[in-house]
Amino acid sequence: MSRESIADLIAKLYLGKVDRRDFLKRAAAAGLSATLAGQVVTRYNQVSAQEGTAEASSTSIGLPGVTHVTDTSKGTIKLYSSWPLTGSMETIGGDAVEAFKMGIEDFGNAAGGFAIEYEALDDGIAANNGAWEAGKETENINKVINDQNAVIYLGTYNSGAAKISIPIANAAGLAQLSYANTYPGLTKAVPEVTEQGEPDIYYPSGKRNYMRVCPADDNQGSAQALWAYNEMGKRKAYILHDKSLYGQGVALLFKVFFSKLGGEVLGFEGYDKDLGDYQSVMTAIADKGPDLFYLGATVDNNAAKVLQDMRGVMSVDDVLFIGPDGLISTAFVEGAGDAAEGAYLTFAGYSADKLLELGGPGADYVTRVTERLGHAPDAYSVYSYETLVLVMQTIDKVGEKDRAKILDTMFATEGFNSLLGGSWSFTETGDTDSTVIGLDQVKDGKITFQKLLPIS
């Protein structure tokens with residue numbers, strides 16, 4: 001490419017015909033050095049800030065005013081993620097990994113003067129339908145701690161797995177950032193729900209090192225109960241959970257809030273995820289006469305079969321089904337088949353169809369990642385991408401391979417512009433201050449956004 005062509009490319013950047021990350025890719029292909037390309041983008045950022053302009057694409061998310069450094073002369077930083085990648089978790093985990101990779105490529109595989117490498121670790125067991133396993137999670141966090149090029153641990157998906165790795169990372173002074181953990185007790189105590197000693201038992205050093213970019217389940221449980229009781233007029237609930245930290249926790253939160261509203265809980269129990277069928281269980285539940293059935297579970301714990309057998313004795317017209325974000329996946333819907341039709345699910349954000357409707361950065365993200373995946377992305381992959389952006393910008397801000405500085409800088413995050421619209425900041429507990437809870441329903445075999453729900 002000639003000098004005039006490079007000049008044309010720079011002009012397109014200023015005219016808004018290419019965004020910053022596309023410019024970096026095309027500039028590299030044109031033979032422009034990473035250092036010079038970075039200088040162009042830095043100057044563009046300064047001019048844009050002075051003129052108050054902003055790009056209407058995924059590059060407009062994140063922390064405003066952070067200069068992206070494309071030079072790699074300082075060496076390498078290795079990013080590791082840890083969540084299940086096989087069995088019923090293949091799509092959920094795989095979509096998050098691909099969103100992560102797309103983000104790294106968007107930043108030109110560099111940040112803060114370092115080349116960025118990435119390895120996706122699997123904390124699941126294929127023979128157990130992909131479900132996470134404590135030994136694997138322990139192995140993963142120790143691998144990351146022992147890699148001097150690693151400055152942060154990106155995980156986990158399951159709250160129970162986080163319970164394993166947070167104390168280990170904490171003792172090592174390593175930041176841990178999750179895109180999907182929602183059990184409140186990891187960061188805060190909730191009366192009648194969290195276990196004794198939580199969350200302090202996870203932080204042996206006395207200093208918080210764990211953060212999550214998605215709202216915790218105390219928001220979700222409240223929103224679900226308010227909607228079921230006030231809007232749907234449901235008064236008698238039967239609650240089943242998969243006995244996991246997450247599943248039992250979110251189910252208990254719904255129970256607490258539903259009861260406080262005046263609802264009657266006919267039963268609250270755990271089920272055996274290894275059973276071949278639940279027909280006798282569902283017949284006994286149906287005999288109690290519920291008008292609402294709540295399932296606190298993740299898709300890998302035989303949740304689709306539970307719904308199938310529930311619908312075998314309780315019709316859509318008579319009993320409302322509602323489940324939390326652990327079930328908002330195509331694996332759950334496809335696994336349950338016709339029984340999933342009409343099911344309500346909640347999620348701390350917007351599903352892909354709503355992001356496309358809203359336009360802007362969220363729609364840009366969905367469009368690009370869909371082209372990459374060949375299917376609409378799993379709901380939580382949005383937070384995976386935001387996690388990556390925060391990591392890269394933190395490295396840009398610190399500019400050092402220093403775990404303590406990375407942790408402190410990330411924990412102080414304020415005003416992160418989200419793909420969901422609006423912005424969020426980390427609280428003193430490491431939680432996002434976002435309270436977005438969306439209601440979705442399965443229609444014609446697809447998870448379809450309905451509306452946002454209020455919380456108490």
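Author: Happy to, and what follows starts with the aromatic rings and then moves on to the core and the charged pairs. Please keep in mind that this is a predicted model.

Let's begin with the rings. Across the whole structure, a search finds 19 aromatic pairs. Take Tyr-157 and Tyr-380: their ring centres are 6.2 Å apart and their planes stand at 85°, so this pair is edge-to-face. It links distant parts of the chain, 223 residues apart. Tyr-157 sits in the loop between strand S4 (150–155) and helix H6 (159–171), while Tyr-380 belongs to the loop between helix H13 (360–373) and H14. Both Tyr-157 and Tyr-380 are buried.

Tyr-380 has another ring partner, Phe-347, again edge-to-face, with 4.8 Å from centre to centre and 90° between the planes. Here too the pair links distant parts of the chain, as Phe-347 lies in strand S11 (residues 344–347), 33 residues from Tyr-380. How buried are these two? Phe-347 has a relative accessible area of 1%, and Tyr-380 has 2%. The cut-off for buried is under 20%, so both residues fall in that class. Ring pairs extend the picture into a cluster made of Trp-83, Tyr-157, Tyr-179, Phe-347, Tyr-380 and Tyr-383.

The charged end of Arg-235 sits over the ring of Tyr-229, 3.6 Å from the ring's centre.

In soluble globular proteins, nonpolar side chains tend to be buried together. The largest core in this model has 109 residues, and those with the most contacts inside it are Leu-79, Leu-177, Phe-293, Leu-295, Phe-321 and Phe-332. Helix H14 (residues 381–398) gives the largest share of this core, ten residues. Phe-321 shows what such a position looks like: leaving aside neighbours within four places in sequence, its contacts include Phe-293, Leu-295, Phe-332, Met-310 and Tyr-344. There is also a second, separate core of nine residues, with Tyr-80, Val-144, Ala-150 and Ala-169 among them.

Finally, the charged side chains. A search of the whole structure finds 16 salt bridges. In one of them, Lys-143 meets Glu-119, with 2.9 Å from N to O. Lys-143 is partly exposed at 38% relative accessible area, and Glu-119 is partly exposed at 25%.

Lys-451 and Glu-231 form another salt bridge, their closest N and O atoms being 2.2 Å apart. This one links distant parts of the chain, with Lys-451 in strand S15 (residues 446–452) and Glu-231 in helix H7 (residues 217–231), 220 residues apart. Lys-451 is partly exposed at 30%, as is Glu-231 at 43%.

Lys-305 and Asp-309 meet in a salt bridge of 3.2 Å, N to O, and both lie in helix H10 (residues 303–313), four residues apart, about one turn of the helix. Lys-305 is partly exposed at 22%, whereas Asp-309 is buried at 7%. Elsewhere, salt bridges that share partners join Glu-98, Lys-101, Glu-105 and Arg-372 into one network.

How values were computed:
Residues are numbered from 1 along each chain as its sequence is written. This is a predicted model: local features need pLDDT of at least 70, side-chain atom pairs count only at pLDDT 80 or more; totals for chains, interfaces and linings use all residues. Side-chain values use heavy atoms; hydrogens and water are left out. A salt bridge is a side-chain nitrogen of Lys or Arg within 4 Å of a carboxyl oxygen of Asp or Glu. Buried means under 20% relative accessible area, exposed over 50%, partly exposed in between (1.4 Å probe, protein chains only). Helices (H or I, at least four residues) and strands (E, at least two) are DSSP runs, numbered from the N terminus. A nonpolar core is a set of buried Ala, Val, Leu, Ile, Met, Phe, Trp, Tyr and Cys residues joined through side-chain atoms within 4.5 Å. Contact means heavy atoms within 4.5 Å. Rings of Phe, Tyr and Trp (its six-membered ring) pair if their centres lie within 6.5 Å; planes under 30 degrees apart count as stacked, over 60 as edge-to-face and the rest as tilted. A charge sits over a ring if NZ of Lys or CZ of Arg is within 6 Å of the ring centre and within 35 degrees of the ring normal.
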